[in-house]
Amino acid sequence: MSGPGVGFEYPTKSVSWCKRDLLLFAQSIGCKAEELHFLYELHPNFTPFPTYSIALSFKLDSSDVVDFYAAQKSVAIPGVPVFDPTRVVDGQRRIEFFKQLPTSSEGKKFESRTKVVGVYDKGRPGSVVETQTDIVDAASNEVYSRIHTSSFYVNQGNWGGPKGPATQNFPPPKDKKPDAVFENLTTPETPLLYRLNGDYNPLHADPEPGKKMGFGGVIIHGLYSWNWACHGLLQHLGGSDPANIKEYQARFASPVRGGDKLVASAWKTGQIKDGWEEIRFQVQIEGGKVVLSNGRALMKCVGPAPQNKFMASVTPHIGQRRSYDGALCTSATAASFIRPTRPADAPQTFLSALQRKYASDGPSDNGPVLPGKQIVVGGKVAEEVGFDKIRRKQAQLSELKIVILDGSCIVSASSPTTDQDQTIRQTSPKVVELDISRNLFTDFGTVVDICSELDSLHSLRVNGNRFQNVLEDDKLNGPHEAFKGVKELEMGETLLTWPEICHVASNFPSLTLLEIGTNQLSTLAPIPPAFSFTSTLVSLNLEFNEFTSLEDIAALTSISTLRNLHLKGNLISTITSSPPKEVSDWQFVDALLDSFPGLTSIRFSHNPIYENPGLEDGAVPETDGTKKGTAASDEAFMLMAARLPSVRTLNFSNITTADRTNAEMYYLSRIARQLSTTPEAEEAQVLARHRRWAELCELYGEPVVSRQQDINPNFLEARLITVHLYLAELATSESEDNTAFVGERIVQIPKSFDIYAVKGIAGRLFGLPPLKLRLVWETGEWDPVGGFDDDDGDSSEDEEIEAERERKQDDAATSIAGTSIAGKKGGRFVRREVELKDGPRQFGYCVDGLEAKIRVELR
């Protein structure tokens, strides 16, 4: 390949490393404790992580921090402008592994040899420089690894260079679940650790460079995500063996900030050549943008790394078996960690458990360290201070307000055969919160006995107990005031039925909060009106049960005071009962407000309709499932915000007034586009699926619906376009409206006329010189305000910068070029308008349909 700078070789640079450098790199990209061959220098198979070569391009032979910008300056490439290294971002990286690096460069001389493969002018966005870097043994000229780098120099284009070849893409397979999924929650400290590998770009430590480049602050190294993903592939598919990966590449698509959760998905393609299988992958921020695209690796897939011996020794319970605590194990791989040789704990009374935990004479687990026992941290002896004071304070049982006795093997309130010096009321009269979860109770009457002596009790937790015969329990059915002051009750994982739960709750006259998650509930029977909690309960937690429709919980409508309902972890997909599925149509979303008229917050991601937010029948092609990542997520967010006007928080994101306006106007334009593809006779059916059509039209005005009419192409009518021409002149006042509309002319123009002819007609109608006119076709559709959009998918961090700058410029210009979606609120969408440029192109190819609205302006 020929071109400016191709074949130019940079000066050779020495590189060196030691074992400590390898340990730091492995730690910074997420290697785990079970991968000691990457993390422990004395391991018999200690070896560098394969991609460490990429760090040598930055570190070179330095053992200290370096001036990043100064280090990036190099000899100018002949025939190419000198680019600014302070405005460069990674586009794509590919690495080929030929030979494993030694654990240290000591005793050998290694070099980094880089040459230019191509320099391409991408116009206004910038320029791409592609290089090839070899890590070479200088003595033998043996190449250990080869790195192909695509660097993007932002806003440094338009110098007349070649555009470059089309980029080869490796998209994930369609309609196939990933073979491996792994994730990582980053932190603000992530880039501060990774930069110690030699990449000291201030962009990843100091907020100022990021603000100037449009990122808003510090972003994480693109190469961190790149290396982390490679580690995940090798760990989950290659057995953590460096010998099982031959080639690896990925394109940098979006920046990552500290706190973002990265989720990687990998697919085996089944394409194997010479023993190496092609793997496709992508990395994205959870529920958001794609971070690494075009991911590809050549690997020998042997499965995940071996588990440690402890984890591999558990005994499985296959199928529908119950675990040691009686809970139903629905997983075929469920297991118990109970050792059969472990001696059983002795049962005890409530008072004995209370004395043992809080007033034991001997040192507890949190007590002072026994003589001779020392805690050593970093070679220094640590002294425990203050625990004696805490133990003395807790030992004052009469002052305890919060008592936690979960898992204490309690079977009764007190022993019937032993005389007690004090009762529970005398021992701890001030208890406000009590947790007696996961004990050995078999009847709820024991809980009644305990609580009847705690007059100040406000909160009670009995999770995980296995109560029997609740409906026949005499103490629950008889008169008592044990729970008269209890407002909060938790009975999760008790496996009680709904009638049993209601029966227990009816004994709590002041109950405001009830948590009954993980009870395998699938439907709720009507609640007897006599139960008092129907007029006191405010918050109900039903998480991780087995409901599949809102109809299953219809009985809750009898609770007149209910305000908060938690349904996380259920399989709800419909309003009425039907086989379980994921939400895949907007009718469910629209019906939510019928069931929850006070709905203000909802989490809805990871449903098919959110991943592919098409408008059901008649959806426009761009929402047919091909839209991926950010575009689909943003569109779904806007449609949800527009369809649910009462919701203020969606997927943990607050919906601002501007967001709501943007969403509603976008939704309105999408309905109009759907109507344009629907026969007029079916318009009512389409609008029936969009409840807010009339309301939105009243707020923002009814959009233009241009339908394609079925006309015989041989008729003259099919060759004419009905054009609505109006003259717009710039207003001279400083008012908010910047245009004044002068008249309107309706005329039919043949499709075969060119733009010159159309201008002639407009000039004659308005008495103006045709060549001084500017014709603008108003499509009636809404488009986002943004910068360039690279069609070949070669997106990178530079696009984020450029798009943000273009968005700001376009927002300032929309007052004349188009009407803002939010009007005076300055929304991010504008009406799409197309200027009809002078030329011989036929008018019929410049506009859509048989009707068009054109604004006539004086130049």
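Helix α18, residues 657–676, packs against helix α20, residues 693–700, at an angle of about 115°, and their axes are 10 Å apart. Axes here are lines fitted to C-alpha atoms, for helices over the stretch in contact, and angles run from 0 to 180 degrees between N-to-C directions. Helices are DSSP runs of H or I with at least four residues, strands are runs of E with at least two, and both are numbered from the N terminus.

Before going on: this is a predicted model, where local features need pLDDT of at least 70 and side-chain atom pairs count only at pLDDT 80 or more, while totals for chains, interfaces and linings use all residues. Residues are numbered from 1 along each chain as its sequence is written, and side-chain values use heavy atoms, with hydrogens and water left out.

Back to the pair. Which residues make the contact? From α18 they are T661, E664, M665, Y667, L668, I671 and L675, and from α20 they are W693, L696, C697, L699 and Y700. Contact means heavy atoms within 4.5 Å.

α18 itself has 20 residues and reaches 29 Å from its first C-alpha to its last, close to the 28 Å expected at 1.5 Å a residue. That expected span is 1.5 Å times one less than the number of residues. Of the 20 residues of α18, 16 are buried, so the helix is largely enclosed by the rest of the structure. Buried means under 20% relative accessible area, exposed means over 50%, and partly exposed is in between, with a 1.4 Å probe and protein chains only.

Next, helix α7, residues 222–237. α7 has 16 residues and reaches 23 Å from first C-alpha to last, close to the expected 22 Å. α7 is mostly covered, with 15 of its 16 residues buried. Just after α7, G239 takes a positive phi of about 65°.

Now a single residue in a strand. T131 lies in strand β4, residues 126–137. Is T131 buried or exposed? T131 has a relative accessible area of 12%, so it counts as buried. Leaving out residues up to four places away in sequence, T131 touches Y10, T114, K115, V116, V117, I147, H148 and T149.

Last, the whole chain. The chain has 22 helices and 33 strands. Of its 859 residues, 45% count as buried. Among contacts with a separation of 6 or more, 73% are between residues 24 or more positions apart.
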